[in-house]
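Thank you all for coming.

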Amino acid sequence: MSAPETERRVQGVIANEDTGESSDDQILDEQKDEESDAGDLQPRTVDPPPPQEGLTDTVEKALPISSLTPRWRNWVIRGVFALMMVVGFFWLIWGGPFYLTIAVMTVQLKCFQEIISIGHKVYQSNNLPWFRTLQWYFLLCANYFFYGETITDYFGHFLQREEVFRPLMKYRRIVAFTMYVAGFCMFVLTLVKRHYLKQFTMFGWTHITLLIVVTQSHLIIQNIFEGLIWLIVPVSMVICNDVMAYIFGFFFGRTSLIKLSPKKTWEGFIGAFFSTLLFGWLLAYFMAGYEYFVCPVEFGGPAAYSIMMECTPAPIFQLTEYTLPSWLQGVLKVMGLMWETVNIYPFQIHSIYLATFASLIGPFGGFFASGFKRAFKIKDFADVIPGHGGMVDRFDCQYLMATFVHVYHHSFIRAPNPGKIVQQVLALRPDLQLVIFNKLKQHLLDAGLVENSCSS
């Protein structure tokens, strides 16, 4: 053996005295670690649960439908629980914004839990230290950041009366960022040799889930505060489209629509489209006439602890006369209707765009979920709702619809919310409030909206 080679080997042994390994052994171990990590990345098929009676099986035995074929049994179960969910939705509407907000938060938590649980089963990551705790911690951070903004905008003056809430509201962004950084550092500290790739995969899985679930639920809350109609009508459209697609597909479906969902048919898709347009038009006409549905949510005022839903309806919620196009007048004359003008709510016109999105684009949220389930070879995200699966199975289209409604409202409809502006003014120092008052008074005087005798 030559002297230089001997020297290199000696240096390699000295460099690894602390571990007791030679450089060749160390390289071999690193290669094994890389191979192990690469194997961790491969998604594993979720093992089917051992045969046991699920919730759907229990319901199927409880209902007098044993004589029906499996297809009709599933139809009855889906119908019964769909009706129960609709009744529950009506009850939440009657309860008002508070109950609806609690319901959205509950659905968000359940959806997060279902998606995260699939990740743990697929990547066999249940043995990773502190990982489940960190996932729920990141959910807390995201909710505090997003909902802190909304709560401060609408209820900031009320919360600032309580000493414990003041720093949480005033420094909400830095607090949320600090919380997230602490979780980020904890994740780095919990990295385990031979599981790096698996841990980073689940880290990305967590953040994508937060993006899908928390962001969309936050937009739903924003829609609620703009007026209940911006929640109820879109949600009802998606429900109508889903139900009518199932009914038309069940009775008339022959042509497959998309390979991701073999049960989806063109007949169901087209029938649901026209049904949703008609349903949305009629529902918009009914709801636009009630202040309870169209008024933005406002805080009751400095001395009150309640919210108000009274206002002068915006122009889009006031009956307006429209002249029909000449071609439509001709069609109506053939039908014996001599209509030249109609009185409708402008919101009904907007409902056409909402219904079109709910019918043509909304179902792609369901197709996305179907592709996700097929990728990991699972039937449903969970078995929470008999005949329907989990919360994600039922709300996959709703999240996509909520984003569109929020963007559409802010692009074409949005007007300043008086309640939100008042809360922002009340959060200022008294001297700044007086400056705003004087400027507003001068503007009203110049516009002739108030008399000069208005007190200073």
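Which helix gives the most to the lining of the second largest pocket? Before I answer, a word on what we are looking at. This is a predicted model, in which local features need pLDDT of at least 70 and side-chain atom pairs count only at pLDDT 80 or more, while totals for chains, interfaces and linings use all residues. Residues are numbered from 1 along each chain as its sequence is written, and side-chain values use heavy atoms, with hydrogens and water left out.

Now to the answer: α9 gives the most to that lining, with 6 residues. Helices here are DSSP runs of H or I with at least four residues, strands are runs of E with at least two, and both are numbered from the N terminus. The helices α5 (97–122), α9 (196–225), α15 (363–375) and α16 (391–413) each supply at least two residues of the lining of this pocket.

How do we find such spaces at all? Rolling a probe the size of a water molecule over the atoms shows where empty space is left. On a 1 Å grid over the protein atoms alone, a cavity is a set of points where a 1.4 Å probe fits but cannot get out, whereas a pocket is an open set with protein on both sides within 12 Å along at least five of seven lines, and lining residues have an atom within 4 Å of a point. Grid points are joined across faces, edges and corners, and a volume is the space filled by probe spheres set on the points.

With those terms in hand, the second largest pocket has a volume of about 410 Å³. It is lined by 17 residues, and Ile 115, Ile 212, Phe 368, Phe 372 and Val 392 are the ones that lie nearest its centre. By class, the lining has 13 nonpolar, 3 polar and 1 charged residues, where Ala, Val, Leu, Ile, Met, Phe, Trp, Tyr, Cys and Pro count as nonpolar, Asp, Glu, Lys and Arg as charged, and the others, Gly among them, as polar.

Let me turn to the cysteines. Across the whole structure it finds 1 disulfide, which joins Cys 295 to Cys 311 with a distance of 2.0 Å from S to S. This pair links distant parts of the chain, 16 residues apart, with Cys 295 in the loop between α12 (291–294) and β3 (298–299), and Cys 311 in the loop between β4 (307–308) and β5 (320–323). The torsion about the S-S bond is about -90 degrees, so the disulfide is left-handed.

Are its two ends buried or exposed? Buried means under 20% relative accessible area, exposed means over 50%, and partly exposed lies in between, using a 1.4 Å probe and protein chains only. Cys 295, at 0% relative accessibility, therefore counts as buried, while Cys 311, at 21%, counts as partly exposed.

My last topic is the salt bridge, meaning a side-chain nitrogen of Lys or Arg within 4 Å of a carboxyl oxygen of Asp or Glu. The whole structure has 5 of them. In one, Asp 242 pairs with Arg 394, the closest N and O atoms being 2.7 Å apart. That pair links distant parts of the chain, since Asp 242 is in helix α10 (residues 229–252) and Arg 394 is in helix α16, 152 residues apart.

Lys 373 meets Asp 393 in another salt bridge, at 2.8 Å from N to O, and both of these residues are buried. Salt bridges that share partners join Lys 373, Lys 379, Asp 380 and Asp 393 into one network.

Technical notes
Disulfide = S-S within 2.5 Å.
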